[in-house]
Amino acid sequence: MDEPAYTVVSDSETTGEEKSSSAFPEIAIGIDIGTSQCSIAIWNGSQVELLKNTRNQKMMRSYVTFKDEVPSGGVSNQLSHEHEILSGAAIFNMKRLIGRVDTDPVVHASTCLPFLVQTLDIGVRPFIAALVNNVWRSTTPEEVLAIFLVELRAMAEMQLKRPIRNVVLTIPVSFSRFQLTRIQRACAMAGLHILRLMPEPTAVALLYAQQQQLTVHENMGSGSEKIALIFNMGAGYCDVALSATAGGVSQIKALAGSTIGGEDLLQNMMCHLLPDFESRFSNHGMNEIKSLGLLRVATQDAIHKLSTQTAVQIDVNLGNGSKLSKLVNREEFEEVNQKIFEKCENLIIQCLHDAKLEIDDITDVILVGGGSYIPKLRNLVKGICKKEELYNFINPLEAAVCGAALEGAVASGISDPFGNLDLLTIQVTPLGIGIRADGNNFVPIIPRNTTMPARKDLVFTTVRDNQIEALVTVYEGEGVKVEENHLLGYFKITGIPPAPKGVPEINVCMDIDASNVLRVLAGVILPGFPHPAIPVMEIRLPTVDDGHGWCAEALHKTYGSTLDLETVQKKI
Amino acid sequence: MMNKARKKLWKAVSDVVGRTLPYSTSRRFETYNPNNSSQSQTHFLNSLSSSSQLQIINLCPPHRFSQNVIFSGKNFCSESADNSACWNCNAVPKAAPFLFCQSCRTVQPLHQSLDYFQIYGLDKNYEIEDENMERKYKDWQKKLHPDLVHSKSQREREYAAEQSARVIEAYRTLTNPLSRAIYILKLEGIDVNEEETVSDPELLTEIMEIREAVEDAADSKALTEILSPVQEKLVQWSKSFAYAFRNQKFDEALNCIRRMTYYDRVNKEIMKKL
């Protein structure tokens, strides 16, 4: 490596600067880490190619087993039986758990997985452990993800016969910036450098842009703008994007996402089949884990079958003499999961509204992810978008990873003589970013769906006479109250010149640069004075670390409303 | 490198901090009593547009210190911006605007003198046909976007970040009728004080009624019904502005802008609730 031996980067720096010294830039690989499945792809010089593992699989199960001395993941591991994953020794669903605290409902919903997810409900990271030789061995989602990524990396290096460092990773739309830092941490642990983190549907949008570009070349037609609605539902997350594509450029118009997915469908169904299943398995004994695993496999299998048949017979022996035997039909499945489907519908409507687009504007509707096989979802999306047919030139399970691989090639500066990499995605912010003000309200400074890079500012003022300090608490999300949002960090502005309340102008500026790094700048001005009263503060966010859930509460307890801020009329 | 980025940010915040100075008006009427109609109206007017304090503040001479900060910050760009040739290969540009060198495919430094209309190859008219705007926007982004110069030099990456941001800003400004109106007047040397009030009681009553209706609106259908007349008004005043501007009646143009500002705010509020 010709990199300097010692480089001091900022403590909060998780990515590091890109160093491109070689004449032949390394092509970044695309990785799609799904909640249940994972895939890896690369631009091979003429097209995107999915890499296969030694068992000839393009889709690898996302899990890590802690059975032997060396943990092994779904990339290399040969499963003797599906139930092995469910024996308590394997950790999966890490994408759902990463960067979440133990008060998060998503973590709570994970407590009836076969491995141990323990919550103390105080806002710290949950205790996660795998059962190894009858001992609960603790681990973290980051560690599990890193082990998995190392396997993926080794597999890719072996096939490509070169070291792999740069990656483009796809992420759910609803991931907070704090969760992104956890993903970055896992990648760093695996020796990977993240070139880009792409919201999943935007990766699909890039693939769509390339396909449209090709059709234009072939038909020599005028490449008019096409609006695509992309709906992605995987095991853990649901995302919607609207993109406007022309000439290989896809401008994301709006994003919407939520933590709903196949995992919820599965849990609702298990609850339906065995109403007391949660309490039945809460003590995590050996026998309970085993029968939970059996139930899980049977239910999952039934859901898959219900995509093609209208009814399915479930017969499963749960051990201890209890046996489940039931005929389930498709209507039942849809009924049980009605709320989930309603949420999907709302996400699409919200996304259309945010994009300021009408249903008639949509050229193509693209359904991807495992959920795209569910008839109810297909009909629901077709219904909202008033389309008879869905776009079917995209493989629903491979679309995201292919898009990531394209982005990997584009961002690595690779060009293609046939113009196949003449592509660009212009991203928007998936969540609003703002601060706490006007009481306990979340006041967004950069609203969601703002084109990146972005810089916006808002003026705030003090709430008390002679208030000389103010607390700037930065949140990300869509909730009206701060507690409904993700805390990213906080800092105190000190040395505000004493003045009546409402007089000092506290300008809070947020800046997201081209590498998606968020910085917050705060300056204080007294009207009539030409210079900022105190040095401007610049903070790179997020600054919160693990166990941050209680921070906001602690701040509130210590300071109450004494350091509060309120909004001043917005400037344009 | 880190330092430079920091300096740039600082420049930005001082720009921002400085810019807010002359027009600042605070919304401090947090605890108004809805039963007291006169007070509620004060509150309403304040949040609507500007307040009585505004005039007082406006009497202060505008502080222009921030401009120096901005200009000194632009040194890095302007040194080569004076040159009309490409900073990288010295090729003379074939076509204006010169944001990107066709010969060596390199992003050029920012030219402050270039206005938004020029960037989009438009004549300096208020009424623009925007069918091609999105395409031009995408064409520029495809040449200038920071994502595409990831493997290029630090210098070019900075140019790309600036140019790309400016193309976005230009697009945003020109595609919105109100911001386009404000911008085109600014190019004529007329600064629009957006906080200035309109003393037309009819308009104020109308706006207040719309707001009340928005408050009372039960569902999105009711909101949509309020929305369409507001948007019609926006279009109407936008047309009046175009006429006034074409005939160089700048006072009338300013009046149109103020009215558009009111409707635009209500429009945004309704959109937010929808």
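**Strands, helices and partners**

Q: What makes strand E16 (residues 311–317) of chain A and E17(A) a pair?
A: Seven bridges join E16(A) to E17(A), and the two strands run antiparallel. A pair needs at least two bridges found by DSSP, so E16(A) and E17(A) qualify. Across the pair, A:Val316 stands opposite A:Leu324 in E17(A). Five residues lie between the strands of this hairpin, where A:Gly319 takes a positive phi near 80 degrees.

Q: What kind of model is this, and which pLDDT limits apply?
A: The model is predicted: local features need pLDDT of at least 70, side-chain atom pairs count only at pLDDT 80 or more, and totals for chains, interfaces and linings use all residues. Residues are numbered from 1 along each chain as its sequence is written, while chains are lettered from A and ligands numbered from 1 in the order in which they are written.

Q: Why does A:Asn329 count as partly exposed?
A: A:Asn329 has 13 C-beta neighbours inside 10 Å. With C-beta atoms placed from the backbone, 20 or more others within 10 Å mean buried, 12 or fewer mean exposed, and values in between mean partly exposed. The count of 13 falls in between, so A:Asn329 is partly exposed.

Q: Where is A:Asn329, and what does it touch?
A: A:Asn329 belongs to strand E17 (residues 323–329) of chain A. Leaving out residues up to four places away in sequence, A:Asn329 touches A:Thr310 and A:Ala311 (contact: C-beta atoms, placed from the backbone, within 7 Å). From A:Asn329 to A:Leu367, 38 residues apart along the chain, the C-alpha separation is 24 Å.

Q: How do you know how H9(B) is oriented to H12(B)?
A: Helix H9 (residues 177–187) and helix H12 (residues 250–273) of chain B pack at about 150 degrees, with axes 10 Å apart. Angles over 145 degrees count as roughly antiparallel (under 35 roughly parallel, 65 to 115 roughly perpendicular, the rest oblique), so H9(B) is roughly antiparallel to H12(B). The contact includes B:Leu178 and B:Ile182 of H9(B), and B:Phe250 and B:Ile257 of H12(B).

Q: What counts as a helix or a strand, and how many does chain B have?
A: Both are DSSP runs, numbered from the N terminus: helices (H or I) have at least four residues, strands (E) at least two. Chain B comes to 12 helices and two strands. Buried residues make up 32% of its 274 residues.

Notes:
Contact = placed C-beta atoms within 7 Å. Axes fitted to C-alpha atoms, helices over the stretch in contact; angles between N-to-C directions.
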